[in-house]
Structures are given as structure tokens and as C-alpha cells.
Amino acid sequence: MKSLIRALLFASCFACGTAFAQAYPTKPIVIVVPFSAGGPTDTVARSLGAAMGKHLGQTMIVENVGGAGGTVGAARVKNAAPDGYTVLLHHIGMSTAPALYRKLAYNPLTDFEMVGLVVDVPMTMIARSDFPAADFKEMVAYVKKNKDKMNLANAGLGAASHLCGLLFMSSIETDLTTVPFKGTADAMNALLGKQVDLLCDQTTNTTGQIKANSVKAYAVTSPARVPTLPALPTTAEAGLPGFQVGVWHGIYAPKGTPKAAIDKLVAALQAGAKDPDFVRRMSDLGASIYPADKMTPAAHAALLKSEIDKWGPIIRKAGAYAD
């Protein structure tokens, strides 16, 4: 009798799972972006959401939940119902939060289901338009000589620009005064207004300003030059090979989200990444789309773990912590 009951329960659960897989999704899916609207991650999310929505047959709605370097939005998704209707699009900050925050409300490795990697965005080292150095090598020399007068803007603790700034200072072995802002737009506006000297930020945010000559650009932090900014050398070409960083983005779902939902999200991600509009938009912004074999939960989890191991020592050495 017990065996029969177990068999019936299994059949019932299997039928429910099959029905869910066939029906999902039946309503719009929310993509939580843990940063302000108009920023680099928001740009990726809106383009990707439109592309994935075509393949899911549902609208993907972007909801901006900023605060505390992306941790507020991440915690929101961690605590959301694990039903496939709330996901998180986060960048490299997911891997640095454990070292930056002593009281983190989640574990990036165990409190989420990974869906897959999306894009990798190189950073650009830029300065106010009237910065005196002519090239990257001169800029580094000038900064080191005038370190007590220099300041380095960022979009707040844990933001990509903050992490890039930490790596820059570590690479040139020089500490600068850092000026945190409430978001990427605020940091860029301060640079445009010549209120700050330097900023290291994603091509998704800086390309337009670089092409308009509104800022002075010195290098990209990627291994190869960015096609949309061909005149900019890489940091390795410019003489600082240790200063390389890419802002990778991935999609997460709350722990316990049904595998059927994850599988459909993975399929939509891989299909959406080939959408001509998405490809064109990412190309214009200098972002590299990951290949399909990286748009999987396993590849995503592996990169997240390796990045946590990489950034922990850098952040601890800098003493950059938040309670």
C-alpha cells in the first residue's frame, strides 16, 4: 500500500511539473536591476528583456531596485517567490559583495539558481576633458606625481566603477581620494562638469561621451581593443597589463525555482542573445555577448566562484568595507 501511495504521489508531482513546464510563463516576468534606471546594467537588461520576451511569449518588465551597491535588489530577488516570475540581472558586483559587506543578507553561491552569463562589458579609463596628460602612460605618471591633488569618481560602493578604481589604484600602487556618487549618471555628470578628475566605467556608459569628445579617454581594460573605440589602446598595450577587468553580467533566480522554469529561461537567454536588435545594441556599446555554452547555470556558477576568489584579496587589501 505504501509503495502504491508513493507511486501515486510521484505521478501526481510529475504531472504537476509537466503541466507547469508546458504552461510557464503565463504572465509577465520581472527583471530586477539592482541599480538606477539609465545606467549600464539597466541598458543591458532592457535590451535583453525585449529579446528574451519574444521567445517566452511574455513581456519582461525591468524593475530598478537600487541601493547599497546592488545588494538591496539582490536581496529582493533572494526573498522573492521561487516561481520563475522574478529574476535578477546583476554584474560583477555579485562576486564582490561577500568581501565588501560584512553583513550581507544573502550568499551569492547558495541563495540563487544561476541561469547563465549574458555579456561582458569592458571598462574605459577616462578623465575630465581638460586633463593634461596626452596618453595613458603620461596619465599614470601625472596621477602618481600629483596623487594628493587627484580624485577618482565612482558610482558608489560595489559599483563597477568602484571596483575598477580599486584595481587601477592597486595596479599603479598609488592611493587616490575617491569620490562616491549615488549612481553612474551622477558620477559622469561630475566628470563632465570637471568637478572630479578620473573615472573608470563601462563602455555602455562612456562610449557616447568619448565619441563626442566630452571626456578624455585613455584606454580600455579588455584584452583586445573594442571595435567601437578602435583608437583606444588596451591597458596592456599602454604598459599596464595587470590592469584588466571586464564587467560580466548574469541572470539569477530565487533558490528553489523549478527546473522547468530555469530551462525555459536558459533557452530564452540563448535565443535572445542572437536577436539582431540585441546584438546590434550590445555591439554599439562595446559589449561582448557570451557564447551559448557560457549561457548555462554550470558555466555561470563556475565564473561566479572564480570571481569571488579573485576579488576578495583585492578588496580586503584596500580595506573597502561596508557594514
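Biologist: Which residue's side chain is joined to that of Arg128 by a polar contact of 2.9 Å?

Modeller: Bear in mind that this is a predicted model. Arg128 lies in strand S4, and its relative accessible area of 14% falls under the 20% limit, so Arg128 counts as buried. Its side chain makes a polar contact of 2.8 Å with the side chain of Asp197, while the partner in the 2.9 Å contact is Asp130.

Biologist: Which residues does Arg128 touch, leaving aside those up to four places away in sequence?

Modeller: Asp197, whose side chain makes the 2.8 Å polar contact with that of Arg128, belongs to this set. With residues up to four places away set aside, the residues touched by Arg128 are Leu191, Lys194, Val196, Asp197 and Lys216.

Biologist: Where do the buried residues of helix H5 lie when the helix is seen down its axis, and what do they pack against?

Modeller: In H5, which spans residues 136–145, the buried residues are Phe136, Met139, Val140 and Val143. Seen down the axis these residues fall within an arc of 95°, so they line one face of the helix, whereas Lys137 and Lys145 are exposed on the other side. The elements that the buried residues pack against are strand S4, helix H6, strand S7 and strand S8.

Biologist: Which two cysteines are joined by a disulfide, and are they buried or exposed?

Modeller: The structure holds 1 disulfide, with an S to S distance of 1.9 Å. The pair links distant parts of the chain, 36 residues apart, with one cysteine in helix H6 and the other in strand S7. Relative accessible areas of 1% for Cys164 and 0% for Cys200 are under 20%, so both count as buried. The joined residues are therefore the buried cysteines Cys164 and Cys200.

Biologist: Is Ser171 buried, partly exposed or exposed, and what separates its C-alpha atom from that of Gly242?

Modeller: Ser171 lies in helix H6, where a polar atom of its side chain is 2.8 Å from the backbone oxygen of Leu167. Its relative accessibility of 23% lies between the limits of 20% and 50%, so Ser171 counts as partly exposed. Setting aside residues up to four places away in sequence, Ser171 touches Leu240, Gly242 and Phe243. Although Ser171 and Gly242 are 71 residues apart along the chain, their C-alpha atoms are separated by 6.2 Å.

Biologist: What is the handedness of the crossover from strand S1 to strand S2?

Modeller: Strand S1 (residues 29–33) and strand S2 (residues 60–64) run parallel and are joined by 5 bridges, with Asn64 in S2 as the bridge partner of Val33. The chain passes from S1 to S2 through helix H2, residues 40–56, and the handedness of this β-α-β crossover is right-handed.

Biologist: Which residues does Thr204 touch, again without those up to four places away in sequence?

Modeller: Thr204 is found in helix H8, residues 203–211. With a relative accessible area of 12%, which is under 20%, Thr204 counts as buried. The residues it touches are Pro40, Val121 and Leu285.

Key:
Residues are numbered from 1 along each chain as its sequence is written. This is a predicted model: local features need pLDDT of at least 70, side-chain atom pairs count only at pLDDT 80 or more; totals for chains, interfaces and linings use all residues. Side-chain values use heavy atoms; hydrogens and water are left out. Buried means under 20% relative accessible area, exposed over 50%, partly exposed in between (1.4 Å probe, protein chains only). Helices (H or I, at least four residues) and strands (E, at least two) are DSSP runs, numbered from the N terminus. The arc is that of the directions from the helix axis to the C-beta atoms. Contact means heavy atoms within 4.5 Å. Two strands pair if DSSP finds at least two bridges between them. A crossover is right-handed if, with the strands pointing away from the viewer, the path from the first strand over the helix to the second runs clockwise. A polar contact is a pair of N or O atoms within 3.5 Å; within protein, one must be able to donate a hydrogen and the other to accept it, and residues adjacent in sequence count only if both atoms are side-chain atoms. A disulfide is a pair of cysteine sulfur atoms within 2.5 Å.
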